[in-house]
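I opened my notebook and went through this structure one topic at a time. My notes follow in the order I made them.

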Amino acid sequence: LVCREFFKALEACHQNGWAKWTGGCNGVKHELNMCLRKERTDRASKNREGARIRRQKTEEVWKELHQDD
């Protein structure tokens, strides 16, 4: 996992029950959330680019099929 170090840091913070219940781990959790957000947006961008390329190829094939008519 890309965000493994953030998961481990949050787990370690949660071992301290006092910090867990008084907001002492909020900063670590925020860093984890930011890492996961970045991974999600990167994946979405990659998927969007792939979809754009597939759509272009499909449109080219349709144009070729209609030119033969």
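**Cysteine pairing.** I numbered the bonded cysteines of the protein in sequence order and read the pairing as 1-4, 2-3. The model is a predicted one. I found two disulfides in the structure.

**Disulfide of cysteine 3 and cysteine 35.** I looked up this pair and noted a disulfide with an S to S distance of 1.9 Å. Next I checked the turn about the S-S bond. For cysteine 3 and cysteine 35 the angle is -90°, and the link is left-handed. What does this pair tie together? Cysteine 3 lies in the segment before α1, which covers 4-15, and cysteine 35 lies in helix α3, residues 26-67. The pair therefore ties together parts that are 32 residues apart in sequence. Are cysteine 3 and cysteine 35 buried or exposed? I wrote down that both cysteine 3 and cysteine 35 are buried.

**Disulfide of cysteine 13 and cysteine 25.** I moved on to this pair. The sulfur atoms of cysteine 13 and cysteine 25 are 1.9 Å apart and form a disulfide. Cysteine 13 sits in helix α1, while cysteine 25 sits in the loop between α2 (17-22) and α3, so the pair ties together parts that are 12 residues apart in sequence. Is this disulfide left-handed or right-handed? The torsion about the S-S bond is about -95°, so the disulfide of cysteine 13 and cysteine 25 is left-handed.

I then looked at how covered these two residues are. The cut-off I needed is that buried means under 20% relative accessible area. Cysteine 13 has 15%, so I put it down as buried. Cysteine 25 has 4%, so I put it down as buried too.

**Helices.** I counted next. The protein has three helices and zero strands. Reading along the sequence, I wrote the pattern as α-α-α.

**Overall shape.** How does the radius of gyration of the protein stand against that of a compact globule of 69 residues? I noted 23 Å for the protein, whereas such a globule would be near 11 Å.

**Surface.** I asked what share of the 69 residues is buried. The answer was 12%. The accessible surface of the protein comes to about 6100 Å². Carbon and sulfur atoms hold 54% of that surface.

**Charges.** I counted 15 positive and 11 negative side chains in the protein. The centres of these two sets lie 9 Å apart.

**Salt bridges.** How many salt bridges does the count give? I got two.

One joins the side chains of lysine 38 and aspartate 42, at 2.8 Å from N to O. Where do lysine 38 and aspartate 42 lie? Both are in helix α3, four residues apart, which is about one turn of the helix. I also checked aspartate 42 for cover. Aspartate 42 is at 36% relative accessibility, so I listed it as partly exposed.

The other entry is arginine 52 with glutamate 49. Their side chains meet in a salt bridge at 2.4 Å, N to O. Why are arginine 52 and glutamate 49 separated by about one helical turn? Because they are three residues apart in helix α3. Arginine 52 is at 34% relative accessibility and counts as partly exposed. Glutamate 49, with a relative accessible area of 36%, is partly exposed as well.

**Glutamate 11.** I picked this residue and found it in helix α1. Exposed means over 50% relative accessible area. Glutamate 11 has 54%, so I marked it exposed. I then took a distance from glutamate 11 to lysine 29. These two are 18 residues apart along the chain, and their C-alpha atoms are separated by 9.8 Å.

**Lysine 63.** Is lysine 63 buried or exposed? At 58% relative accessibility, lysine 63 counts as exposed. I finished with its distance to isoleucine 53. Lysine 63 and isoleucine 53 are 10 residues apart in sequence, and they are 15 Å apart in space, C-alpha to C-alpha.

Key:
Residues are numbered from 1 along each chain as its sequence is written. This is a predicted model: local features need pLDDT of at least 70, side-chain atom pairs count only at pLDDT 80 or more; totals for chains, interfaces and linings use all residues. Side-chain values use heavy atoms; hydrogens and water are left out. Helices (H or I, at least four residues) and strands (E, at least two) are DSSP runs, numbered from the N terminus. The radius of gyration is taken over C-alpha atoms; the globule rule is 2.2 Å times the number of residues to the power 0.38. Buried means under 20% relative accessible area, exposed over 50%, partly exposed in between (1.4 Å probe, protein chains only). Accessible areas come from the Shrake-Rupley method with a 1.4 Å probe; for residues, only the protein chains shown count as cover. Lys and Arg count as positive and Asp and Glu as negative; His and the chain ends are not counted. The place of a charge is taken as NZ of Lys, CZ of Arg, CG of Asp or CD of Glu. A disulfide is a pair of cysteine sulfur atoms within 2.5 Å. A salt bridge is a side-chain nitrogen of Lys or Arg within 4 Å of a carboxyl oxygen of Asp or Glu.
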